[in-house]
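Open the model in your viewer and keep the selection panel at hand. The stops below go from the ligand to the core and then to the strands.

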Amino acid sequence: MWRPLLHLARRAPSAHSLNHYLVHTRLPRSSLALRRRVHSEPLAETSAWWGAPGTVYYDGASTHADSILTHEHGALDETRRALRDAVRRFAHDHVAPYAALIDASNRFPREQLWPRLGELGALGVTASPEHGGLGLGYTEHCLVMEELSRASASVGLSYGAHSNLCVQQIERHGTAEQKQAVLPRLCRGEWVGALAMSETGAGSDVLGSMRTVARRERVASATASAVSERWVLNGGKMWITNGPDADALVVYARTPELDMADKPAFTAFLVCPRALDGADAGRSGYRVAQKLHKLGMRGSNTCELLFEDVRLPASAVLGEPGRGAHVLMSGLDSERLVLSAGPLGIMQACLDVVLPYVAQRQQFGRPIGELPLMQAKLADMYATLSSSRAHTYTVALALDTAMRESGASGAARLRTYRRDCAAVILQNAERATQVALQAIQALGGNGYVDEYPAGRLLRDAKLYEIGAGTSEVRRILIGRELYETVRSS
Ligand SMILES: Cc1cc2nc3c(=O)[nH]c(=O)nc-3n(C[C@H](O)[C@H](O)[C@H](O)COP(=O)(O)OP(=O)(O)OC[C@H]3O[C@@H](n4cnc5c(N)ncnc54)[C@H](O)[C@@H]3O)c2cc1C
């Protein structure tokens, strides 16, 4: 299968030497060829709700705050630019025209977009090529996340949950068999991925208050005297992005029998609902409860999941039994970083709406863009986006570099970036809400009606101050990490 981003990634000798590659190789004009290929087939009209395309507020080729990235000393070498351009064009043509419809209908465009994103190669940016991924780093992952979120923040959120929260955790902690069984399907977009950590009573204090429990059970084999082991899962998870559609989920549970002294133990499981015992007869004990109706991010489906005596084979454990807290914590830094590119895309989308509007809207006999106060607003929006983008990609590059360093020094350096990943998403999330408010203000009455997307951008932006950890918890983490540096010196 032709997968444009994979094709691009393969042009680099390895994901580790993209800069070397840039210096020593001249890329052909690959992104044009990619665009032609990706756009050659029209989107399938696979279900009735998928209506006519709507307005797109940017031209698909340029953006208004890229200079920090495209500068020769910036984060983007030629390969990354080509990757970003390919995703940008895809998002412009196949996602942005449907953003308002996805929001209004609150429907997840699985059939319309997921196989397409798989074909593009975007669903497994950091997964290994052996399992259908691109084998690239967090910088590239952020670029894809930003461009999709610019076109539709809710598609971006579902994309982040699929490609980072689920795919990346399986890539990092899965066995060869687990990876082979699920990653190619997730990377092709045949399957949708999710991560289930939060519970109705366990959000910020997710480990301290977790009630979902897995207990080990021994079962005698019907054919031999051998005894095998399985896990029985009971409990519920709340606010799970992609939950209603998920074919593969990373699920965390308390495993009390593995507690060490008074230290509670957790285990991560790879759950594939269709493969569960009794799934065919609808008696697996796995239930998608209510889909949640949200303020924003509509169309990125969120739900409660229930587990009632769900039987999992021993091979469903992700990582080691009792090491679930490690699996969970080790994924949070990259989760914060990759998701922080979501608010970047929203801020860019705000500029995409406001800039043409202020040039066209006339008051007092001239375009409102000529009014000094309106120009000041543009300046604030631009400065906020540019500095957020520079911060994000600086941390992404640093994380990618540390990931490549093996041994203790790499691990130690990675650890120091925890506060930076938290700082990036803290800032980007709060700034995106502010920039969306400025977009509404710049549009006046039109900012307050659904015919323009500014209100949707505000509703979508607010999620990033709550989901993947709240602003308060991020501040606590950053403050604690910083204080540790002086306390221990
Ligand atoms: C749209 C959406 C998608 C989500 N997707 C997923 C998903 O895919 N998977 C998943 O596992 N979870 C998901 N979540 C859950 C998300 O991670 C939690 O909502 C988040 O961690 C906050 O938990 P909570 O909602 O229980 O709030 P609470 O923890 O109850 O917090 C309520 C308030 O108290 C504050 N607070 C809590 N503790 C402290 C403290 N120590 N000091 C100061 N203030 C504090 C919080 O900041 C917040 O303002 C999603 C949530 C949403 C809304």
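Predicted model: local features only at pLDDT ≥ 70, side-chain atom pairs only at ≥ 80, totals over all residues.

Domain 2 (196-318) and domain 3 (329-487) each contribute residues to the shell around the ligand, so the ligand lies between the two domains. Colour these two ranges separately before going on.

Next, select the shell itself. The ligand is surrounded by 23 residues, and the closest are Met 197, Gly 203, Ser 204, Thr 470 and Glu 472. Two or more shell residues come from each of β1 (193-196), β3 (227-241) and α16 (471-487). Coloured by class, the shell shows 13 nonpolar, 8 polar and 2 charged residues.

Now move to the largest nonpolar core, which has 125 residues. The members that touch the most other members are Cys 166, Val 250, Phe 269, Cys 350, Ala 436 and Ala 439. Select helix α11 (residues 324-360) as well: with 15 residues, α11 supplies the largest share of this core.

Centre on Cys 350. Which residues is Cys 350 in contact with, leaving aside its neighbours within four places in sequence? They are Met 381, Val 435, Ala 436, Ala 439 and Leu 457. Ala 436 and Ala 439 are also among the core members that touch the most others.

Finally, return to β3, one of the elements that give residues to the ligand shell, and show strand β7 (residues 302-313) beside it. β3 and β7 run antiparallel and are joined by 9 bridges. Within this pair, Lys 237 stands opposite Leu 305 of β7.

Definitions and conventions. Residues numbered from 1 in each chain as written. Near = placed C-beta within 6 Å. Helix = DSSP H or I, 4+ residues; strand = E, 2+ residues; numbered from the N terminus. Nonpolar A, V, L, I, M, F, W, Y, C, P; charged D, E, K, R; others polar. Domains from an automatic or database assignment. Core = buried A, V, L, I, M, F, W, Y, C linked by C-beta atoms within 7 Å. Buried ≥ 20, exposed ≤ 12 C-beta atoms within 10 Å, placed from the backbone. Contact = placed C-beta atoms within 7 Å. Pairing = 2+ DSSP bridges.
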